[in-house]
Each structure stands twice: as structure tokens, then as C-alpha cells.
2 protein chains.
Amino acid sequence: MTPDAAWDALTAHFHEVDLLADLGGLAEWDQHVWMPPGGGPLRGQHKGLLAKLQHERLTDPRVADWLAALDGSEHPVRAAAVRNLGRTHRAALAKPSALVQAQAEATSGAFATWVKARQDEDVAAFAPALARVVELTRQEAACLADAADVPFAHPYDALLHQYDPGVTVADLDALFAKLSSGLVDLLDRIRGASQGPTAPSPTPVPVDVQRRIHRRVCEAMGFDMQRGRLDEAPHPFTMGMDPADVRLTTRYFADDLHAGLLGTIHEAGHGLYEQGLPAELDGLALAGTGVGSAASTGVHESQSRFWENTIGRSRPFQAWLAGVVAEETGQDVDAARLFAHANRVAPSFIRVEADEVTYNLHIALRFRLEVALLAGDLGTADLPGAWDDLCQELLGIRPERPSQGVLQDVHWSAGLIGYFPSYTLGNVYAAVLAERMAADLPDLWDRVGAADLAPVLGWLRTHVHGRGHLVDGALLIDGIAAGRDPVDAFLAHLQGRHGGLYGV
Amino acid sequence: MTPDAAWDALTAHFHEVDLLADLGGLAEWDQHVWMPPGGGPLRGQHKGLLAKLQHERLTDPRVADWLAALDGSEHPVRAAAVRNLGRTHRAALAKPSALVQAQAEATSGAFATWVKARQDEDVAAFAPALARVVELTRQEAACLADAADVPFAHPYDALLHQYDPGVTVADLDALFAKLSSGLVDLLDRIRGASQGPTAPSPTPVPVDVQRRIHRRVCEAMGFDMQRGRLDEAPHPFTMGMDPADVRLTTRYFADDLHAGLLGTIHEAGHGLYEQGLPAELDGLALAGTGVGSAASTGVHESQSRFWENTIGRSRPFQAWLAGVVAEETGQDVDAARLFAHANRVAPSFIRVEADEVTYNLHIALRFRLEVALLAGDLGTADLPGAWDDLCQELLGIRPERPSQGVLQDVHWSAGLIGYFPSYTLGNVYAAVLAERMAADLPDLWDRVGAADLAPVLGWLRTHVHGRGHLVDGALLIDGIAAGRDPVDAFLAHLQGRHGGLYGV
């Protein structure tokens with residue numbers, strides 16, 4: 001087979017996989033946004049069928065032949081496609097169907113068990129289900145390691161590779177050591193500070209007014225409503241079928257504007273990445289190549305966090321927002337108070353409610369526990385105590401109930417082990433992107449204060465979005481960082497913002 | 001293969017076809033209700049892939065083996081499944097892929113041509129596209145006739161068989177002859193009447209109040225919002241994935257309550273049928289059998305028309321509605337005026353705006369033209385003149401522009417030839433169902449006046465919905481009618497309602 005014939009067959013084949021994934025995304029989005037309650041059991045069957053059809057295509061033996069015919073391609077898009085699709089193909093082949101089936105059953109049961117255990121504050125009730133999920137994940141990691149394109153030094157590396165290819169336990173050990181030390185130091189200083197916001201000062205805004213404000217913010221960010229939507233969902237998420245159809249979801253809290261709005265900005269950050277992914281690169285159409293997609297989970301998270309934290313929580317943006325809120329509500333709004341409310345620091349038990357300073361300590365905790373679980377150094381029986389000890393060590397507080405600690409996150413019950421570090425990668429990537437952007441756009445913060453965000457989006461389009469998955473996320477960020485350590489950039493950002501706010 | 005093994009394989013196979021059809025329905029619903037404009041091109045690819053996957057399964061050669069192993073099954077569900085699935089299988093096999101492809105291309109082009117031709121009032125611009133669609137439909141009819149389970153006397157019979165199996169041109173010739181004669185007679189008398197509503201008397205109601213009224217009406221009808229939804233769409237339709245997930249769409253007109261509300265009642269009539277379809281019959285689960293679905297297109301239309309016209313436009317229902325509108329708006333509402341407004345008779349050019357008396361004359365016209373086109377007795381060049389002549393003959397008015405005549409409907413541009421008669425079958429079926437229901441429920445109209453509609457729905461559940469597609473629609477109605485001619489029932493209904501209103 002000629003390379004050109006193989007290319008055409010391979011990309012047509014994977015374009016079908018993408019269309020099936022789109023339909024899965026639509027089914028999932030619908031389920032969380034519009035589906036009537038009665039539709040649940042049938043929806044499970046729809047998603048199961050789509051997963052089966054995708055798996056059949058991913059494991060099709062012809063894929064290996066096409067990839068072999070394209071081996072050594074020099075065109076950067078073809079080389080990247082062979083790498084990306086090859087990984088997907090080998091990962092799908094690597095997992096025996098009995099394991100896939102066992103994982104589906106285990107996580108389905110574990111989710112229900114987790115919901116009840118959290119409600120009942122009964123950590124023992126979840127332990128056997130979690131032990132089973134961990135055991136199956138270890139088997140999965142072994143299968144993935146056998147099939148991967150790189151050797152792994154640690155079983156957890158195979159899990160990381162699915163989300164942030166090229167990032168290893170060794171990388172993250174170094175990253176979290178430096179980051180945690182810097183965060184704990186800053187947190188200590190903030191704790192001893194004599195100034196700074198001492199209590200939450202929420203901004204109550206009627207929900208119908210909030211809806212208008214959220215839309216104005218999305219538009220200011222450059223999110224294109226002709227190629228997207230904004231709806232409500234109990235657990236906000238973003239679904240990107242294609243750059244031309246990207247759907248955000250959010251929540252509104254009548255008693256607190258920020259609680260919903262910063263979530264919308266976060267999701268719109270994801271959505272802008274999806275809308276900005278390239279349809280072609282270097283003269284080649286990207287449909288079915290795996291190149292017109294995100295560079296990694298960490299880079300995806302860098303986009304949501306950049307917009308939510310770097311821009312959304314900044315003083316200039318909050319000042320602009322104060323004007324918008326005043327205009328929409330007809331009431332005076334104190335910009336400084338709004339800014340302070342968005343940046344109050346206080347260690348707390350729940351990750352998803354954490355401020356920008358303490359958030360990554362929650363992730364450091366989970367990373368250490370997950371690595372120990374995977375390596376067999378920690379048993380699930382000892383997990384709750386280990387969690388509480390680490391929480392004490394990193395955040396200086398100790399959970400009083402399992403729902404404040406080991407039972408708080410949905411991830412493990414869903415079999416998502418190895419995913420948490422992407423959140424921290426996103427945060428530190430966002431910081432180094434912001435530094436480089438500020439160097440390229442000297443009037444960046446003046447523009448943010450005027451909600452003139454087109455240059456910001458333009459910069460991200462050029463350096464991140466428009467590059468798709470030509471190189472892996474970690475390498476993409478390395479290229480932009482040009483020697484600057486993202487952890488240093490992140491700590492400098494926090495020192496500037498929160499150190500300033502608290503006078504430490 | 002044992003019959004039991006064949007049954008399991010066949011129904012599992014067709015359950016997958018159903019799930020793919022569900023996903024197609026979801027994709028279509030989303031396209032009309034929520035999809036951002038940019039999503040259009042990709043959505044075409046999603047639907048194309050789903051159609052391909054369905055077609056592969058429908059034409060799978062194993063289906064014939066499974067059906068053969070089940071031939072002669074005595075269990076009524078198995079016998080009905082063999083009949084229903086066999087038809088679908090043979091129809092899919094019958095059409096050569098070149099024809100399917102040619103039809104897709106022709107209708108795709110014809111739709112765009114039709115939109116422009118109607119806008120430009122340029123009948124000649126549409127003629128070549130229509131000629132092509134008719135020619136391909138004749139080829140399709142010939143293929144379907146070869147593959148059908150019954151012999152057809154007329155090429156148009158093969159098209160009818162797709163929508164209302166068992167109904168033939170001969171049946172419809174007789175039906176329309178009797179119906180048209182009765183309608184023209186009633187219309188003549190109404191034209192000469194000295195009483196009755198002489199001009200539209202719309203009921204302006206704010207759209208947000210209308211939303212509440214529409215929901216109250218749906219609930220009064222028994223439409224289960226836990227297993228369904230009501231949304232807005234430019235061209236209202238109903239999408240039923242499963243009895244547990246049925247979605248209605250409607251429109252709201254600020255200056256006319258009835259215009260939107262009667263549409264909602266119509267769609268809710270379709271939706272109640274979908275929600276009432278059986279999951280099992282005679283001890284057999286119906287998933288993948290083709291038996292847990294509508295008995296025919298005409299029966300589906302009988303449900304929407306029954307609720308819209310028989311119930312929704314009735315004097316007792318309009319009296320109840322007047323009370324609801326008064327309550328919701330805080331204004332006095334004249335029940336007699338509301339009833340008269342819903343039942344004003346006036347010949348007009350546009351089918352979808354026609355009243356209950358003249359509506360079926362529009363269908364009679366289309367039926368005669370379609371049969372002549374298919375038989376080759378009428379060329380597309382002569383069609384516009386033939387349309388205008390028939391309109392004059394049946395409705396007593398002559399179109400002044402093509403958009404009032406031959407260019408008004410979307411159907412032909414979409415290749416839907418043979419579909420129109422189902423609308424009239426629905427209307428006359430609805431009338432005979434209403435007569436039988438009234439015989440079984442002597443206090444029917446008192447209950448309707450109190451919006452106590454549970455007995456109405458219960459009767460339909462027992463006699464229509466819950467029977468699924470065990471027998472074909474025409475036979476189902478025959479069984480209920482028990483000798484009463486649905487056309488007589490329909491004419492009697494009009495005489496009672498409109499004859500009374502106009503005093504003729």
C-alpha cells in the first residue's frame with residue numbers, strides 16, 4: 001500500500017471514530033442538560049453502543065497496516081497523526097475485553113456505592129469497591145505499559161500518559177516538591193497576615209440578570225455563540241464536538257455572582273480552546289488525524305484556568321466586571337471588594353471550593369496517594385488515615401468526616417486514577433503562558449481592564465489553540481516557556497496577587 | 001438454527017438498529033431545537049454515518065436466515081415481528097445503493113432549488129428538479145414492488161405501503177371520492193350560511209403566559225413530563241426515542257393563542273401515542289421486534305388529529321380553555337368566541353393553514369396529482385396547471401401565485417411522495433375512534449369539559465397505543481370501527497360541529 005492510500009484510508013477510518021465520539025458527546029450533553037428523567041436507562045444503551053462501535057474501529061487490524069505504511073513520514077502532520085492514532089490504537093488493543101468489561105462493572109457499582117458511602121459518612125462501605133477499582137487500574141496500567149510507544153519507569157506513568165503524554169511520576173515528584181514548598185510558605189505568611197479579606201463578601205445578583213452578565217462575559221472573551229451555546233447543568237462541563245459546535249454549561253447562584261461566573265469563565269476557557277482548534281495545518285486537512293485536537297489534558301486545563309484565574313480573578317477584570325454588574329443591576333458595586341472576594345485565601349477541606357493558593361495542595365495530596373496505591377505501597381484500608389495525615393501536613397487542617405476527606409471526589413469511583421495531576425499542570429502552565437503573553441503584549445492589563453480581550457485570545461490562538469496536537473502538551477509548553485519553570489511562574493503569580501492582597 | 005436462537009439474534013440485531021435510529025432522532029431534534037448555526041455541516045455527517053450503520057444492519061444477510069428460521073411462528077408477537085422486520089429488511093435490500101445515492105443527491109439539490117423557486121415564484125425553476133425526483137421515485141416504487149410481501153396493482157401502492165401498509169390506490173380512490181363529495185357539499189352549505197364566525201378573532205396572550213397554558217394543557221392530556229419534554233422549534237415536530245423519552249416541539253404566536261396551542265395539542269397527541277407504546281405483549285419483550293412501535297403513519301396522524309380536532313377544537317374543551325386563559329391572564333374570555341375562532345371555515349390556498357372542513361380537499365388534490373405523476377399520466381410540465389384546476393374544482397378558488405399552489409409544500413422536494421394520504425387517513429380514523437370512544441364513555445363530553453381526560457387517554461391506551469404494531473394500522477382501525485365507515489364518521493363529525501356552528 002502506498003503511503004498516500006494508507007493516509008486516506010486511515011483518516012477516513014478515524015474520522016468515523018470522531019463522528020461516533022461526537023454523537024457520544026451529544027448524548028452525554030443532552031443527558032445532563034435536557035433529557036427527561038425517564039430517558040436514563042435507554043441513554044446508557046445508546047452510549048454503550050457508541051462505545052462498542054468506536055472500540056471495533058479502534059482495534060480494527062487494518063489500522064496497524066495503515067500505520068506501518070506511514071511509518072517514517074516526514075510531514076509533521078503525518079508524523080503527529082501516526083503518533084497520536086498509533087497510541088489510541090495500541091491502547092485500545094492493549095486492554096483485553098474481559099478487563100474493559102470488569103472495569104465497566106466495577107465502576108458502575110463503585111459509583112453507586114460511593115454516593116451512598118459519602119452520604120452515610122461510612123468510609124468502610126466504600127473500601128472494597130475502591131480496592132477493586134485500584135486492582136483493575138493496576139492491571140490496566142500494566143497492559144498500557146506493554147503497548148506504549150515509550151518505556152515507563154513507574155506503573156502510574158502509563159496512566160499519566162493517557163492524559164498528559166510524556167509527563168512522568170519523576171517529573172511530578174519534582175514539580176510537587178517545589179510547588180508544595182512554595183505554597184505552604186505563602187500560606188503560612190497569609191495566615192499570619194494583618195490585612196486582607198477576612199470573610200466572604202458575596203455579591204447577590206438576581207439569576208436572570210446573572211444570565212445576561214454571563215453572556216456578556218463570554219462574548220467579551222470572544223466565545224462565538226454562532227458556533228456554541230451556554231446552558232445550565234448541575235455539574236458544569238464543556239462539550240466540544242467540533243470547532244463549529246462547542247457547548248458550555250454552568251450554574252447560577254442567586255446569593256453569589258462569583259460562584260457561577262468564575263465557573264462560566266472556566267468552561268469558556270475550555271470552549272475557546274475547542275473553537276480554536278485547527279481544521280488544517282501545513283496544507284493538510286486534519287479530519288481523522290488526531291492532530292486537530294487538544295495537545296493534552298493539562299493544556300486543556302491550562303486554558304480554563306488561565307481565563308478563570310489569571311484573567312477572571314485579576315484586579316483589572318474584576319474592576320471591569322464591577323462596572324458591568326452596576327450597569328445590569330442599577331446598584332453601586334465596590335470593585336476592590338469584588339476583587340478581594342474573588343481572591344480570599346482560606347484552607348478548606350473541599351478541593352472544588354479551594355482558592356487559587358491552596359488548590360494545588362489538594363492535588364499534591366491526591367497525587368501522592370494515587371502513586372502509593374498504584375505502587376502497592378499503600379492499601380485502601382490505610383487510605384483514609386493517610387489522607388487525613390497529608391491534609392494536616394499540607395493544609396494544616398484535619399477532616400472531621402470522610403465526606404470532608406477521602407470520600408469527597410467522584411474520580412476514583414469512576415476509575416479516573418492519574419487524572420488529578422492534569423489540574424495542577426494546567427495551573428502552572430497557565431502561569432507561564434501569562435508571563436509570555438505579558439511579554440508580547442505590554443499593555444495586556446490595560447486591555448483586560450477595558451475587556452478588550454481580542455489580543456489575549458489572539459495570542460492563545462497563535463501559540464496554543466492553532467497548534468492542535470502537533471506536539472504533546474508538555475513539549476508545547478516547554479517551547480513557549482523557553483527555559484522558564486512554570487512552577488516559578490505560578491508561585492510568582494500568586495505572590496504578586498495574593499501576597500499583595502494580604503500584604504505579605 | 002432453532003427458532004429461539006434466531007429470535008434472540010434477530011431482536012438483538014434490530015435493537016441495535018433502533019438505538020441507531022434513536023441517536024439519529026436525537027441528532028435531528030437537537031439540530032432543530034438547540035444546535036448552534038455553525039454545527040450544520042458536521043451534523044449532516046453525523047446523520048449520514050448513522051444512516052450508513054443502520055443500512056448495513058438492515059441489509060445484513062443473516063437477517064434473512066433468522067427470518068427463515070422463524071417463518072410460520074404462531075406466537076402473535078413473533079409473527080408480527082417477522083412481518084414488520086421482514087418488510088424493513090426487504091425494502092432496504094430492494095433499493096440498489098446507486099438509487100439511494102441518486103435520491104440523496106437529487107433531494108438535497110431539490111430542496112435548495114424549491115426554497116429559491118418558491119421565494120421567486122418561479123415554477124419553471126423547480127420543474128427539472130421535481131422531474132428528477134419523480135423519476136427516481138418511480139424507480140424506487142418498482143424496486144419496492146419487486147421486494148414486497150404483497151402484490152401491488154399500482155406503482156403508487158408500493159409507496160403507500162411504506163407508510164400505511166395494506167392501503168392501496170383503489171382504497172383511496174373510493175375514500176376520496178366519497179369524502180370529497182361530502183366535503184364539497186358541506187362547504188357549499190357553509191358558504192351560503194347566514195350565521196357563523198365571519199372573520200378571525202384572535203386571542204392575544206403574552207408568550208410567557210402561553211408557555212404556562214401549553215404546559216397545563218399537556219398535563220391535562222396526560223403527557224408525562226418525566227418521560228418527555230416540550231421545547232420550541234421553527235417547524236414543530238415530535239421525536240419519540242422510546243416511551244420513556246418523547247419530545248414535543250411547538251411555536252408561540254403572541255397575537256394568537258390558538259395558532260400555537262392547537263399545534264402543541266397535535267404534537268402531544270403524537271407524543272401520547274409514543275409514550276403509550278408497549279414494552280411487552282403476550283409475555284414477550286418487544287425491544288428489537290418492530291412491534292413496540294406505531295401501527296402506521298395514518299394511525300399516528302389519527303392520534304394527533306384526534307387530540308387537536310376532536311378534543312382540542314370541541315366546544316367543551318374550548319370552554320375549559322377559556323377558564324384557564326381567564327385565570328392565567330386575569331382577563332375575561334368569551335368561551336363561545338374562542339370555540340368559533342377555532343372552527344371558522346374558509347377555503348384557502350395553504351394546506352397547513354386549512355380548517356377542518358377544507359383540509360382533506362387539499363389532500364385529495366395532492367393524492368390525485370401524485371398518482372397521475374407516478375402512473376406517467378401527468379408530466380411535471382403540466383403539473384402547475386393541473387394543480388390550479390383541481391384547486392378550483394375542489395376548493396372553489398384558484399391560486400394567483402405558485403407559492404399559493406404547487407410550490408407550497410416541502411414534501412416533493414424531499415422525495416416524500418405517497419405520504420400525503422396518511423394525513424387524511426388520520427383524520428377519518430380519528431372520527432371513528434371518537435365515535436367508538438363516545439359509545440364506551442357516555443359522559444365523554446362532560447369529562448372533556450372538566451378537562452378530566454384520563455378516561456380518554458385510557459381508552460386510547462387500550463384500543464390503540466398498547467397494541468403497538470401487532471397488526472397493521474388499517475386492520476387495527478377496521479377492528480375498532482366494526483363496520484362503521486370512517487369517512488361517514490368524519491362527515492358526521494363535521495356536520496355536527498361545523499354544520500351546527502353555521503346553522504346548515
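This is a predicted model: local features need pLDDT of at least 70, side-chain atom pairs count only at pLDDT 80 or more; totals for chains, interfaces and linings use all residues.
**Exercise 1. Classify the packing of α8(B) and α16(B), and state which residues meet.**

Step 1. Two packed helices are described by the angle between their axes and the distance between the axes. For helix α8 (residues 169–191) and helix α16 (residues 421–440), both of chain B, the axes come within 12 Å and cross at roughly 60°.

Step 2. The handedness of the crossing of α8(B) and α16(B) is left-handed.

Step 3. On the α8(B) side the contact consists of L172(B), L175(B), F176(B) and L179(B), which meet P421(B), T424(B), L425(B) and V428(B) of α16(B). By class, the residues of this contact are seven nonpolar, one polar and no charged.

**Exercise 2. Classify the packing of α16(A) and α18(A), and sort the contact residues by class.**

Step 1. Helix α16 (residues 421–440) and helix α18 (residues 454–463) of chain A have axes that come within 11 Å and cross at roughly 115°.

Step 2. The range for roughly perpendicular runs from 65 to 115 degrees, and α16(A) and α18(A) are therefore roughly perpendicular to each other. Their crossing is right-handed.

Step 3. From α16(A), the residues L433(A), R436(A), M437(A) and D440(A) meet V456(A), W459(A), L460(A) and H463(A) from α18(A). Sorted by class, the contact holds five nonpolar, one polar and two charged residues.

**Exercise 3. Carry out the analysis for α16(B) and α18(B).**

Step 1. α16(B) packs on helix α18 (residues 454–463) of chain B at an angle of about 115°, and the axes are 11 Å apart.

Step 2. α16(B) and α18(B) are therefore roughly perpendicular to each other, and the crossing is right-handed.

Step 3. The contact residues are L433(B), R436(B), M437(B) and D440(B) in α16(B), with V456(B), W459(B), L460(B) and H463(B) in α18(B). They divide into five nonpolar, one polar and two charged.

**Exercise 4. Count the cavities of 30 Å³ or more, then describe the lining of the largest cavity.**

Step 1. With the cut-off at 30 Å³ or more, the count is five cavities. The largest cavity holds about 60 Å³ of space.

Step 2. The lining of the largest cavity is made up of V123(B), F126(B), A127(B), L130(B), T380(B), L383(B), P384(B), V406(B) and L407(B).

Step 3. Two helices of chain B, α6 (123–147) and α15 (383–395), each supply at least two of the lining residues. α6(B) gives the most, with four residues.

Step 4. By class, the lining of the largest cavity has eight nonpolar residues, one polar and no charged.

Note on methods. Residues are numbered from 1 along each chain as its sequence is written. Chains are lettered from A and ligands numbered from 1 in the order in which they are written. Side-chain values use heavy atoms; hydrogens and water are left out. On a 1 Å grid over the protein atoms alone, a cavity is a set of points where a 1.4 Å probe fits but cannot get out, and a pocket is an open set with protein on both sides within 12 Å along at least five of seven lines; lining residues have an atom within 4 Å of a point. Grid points are joined across faces, edges and corners, and a volume is the space filled by probe spheres set on the points. Ala, Val, Leu, Ile, Met, Phe, Trp, Tyr, Cys and Pro count as nonpolar, Asp, Glu, Lys and Arg as charged, and the others, Gly among them, as polar. Axes are lines fitted to C-alpha atoms, for helices over the stretch in contact, and angles run from 0 to 180 degrees between N-to-C directions. Angles under 35 degrees count as roughly parallel, over 145 as roughly antiparallel, 65 to 115 as roughly perpendicular and the rest as oblique. A crossing is left-handed if the near helix is turned anticlockwise from the far one by less than a right angle, and right-handed if clockwise. Contact means heavy atoms within 4.5 Å.
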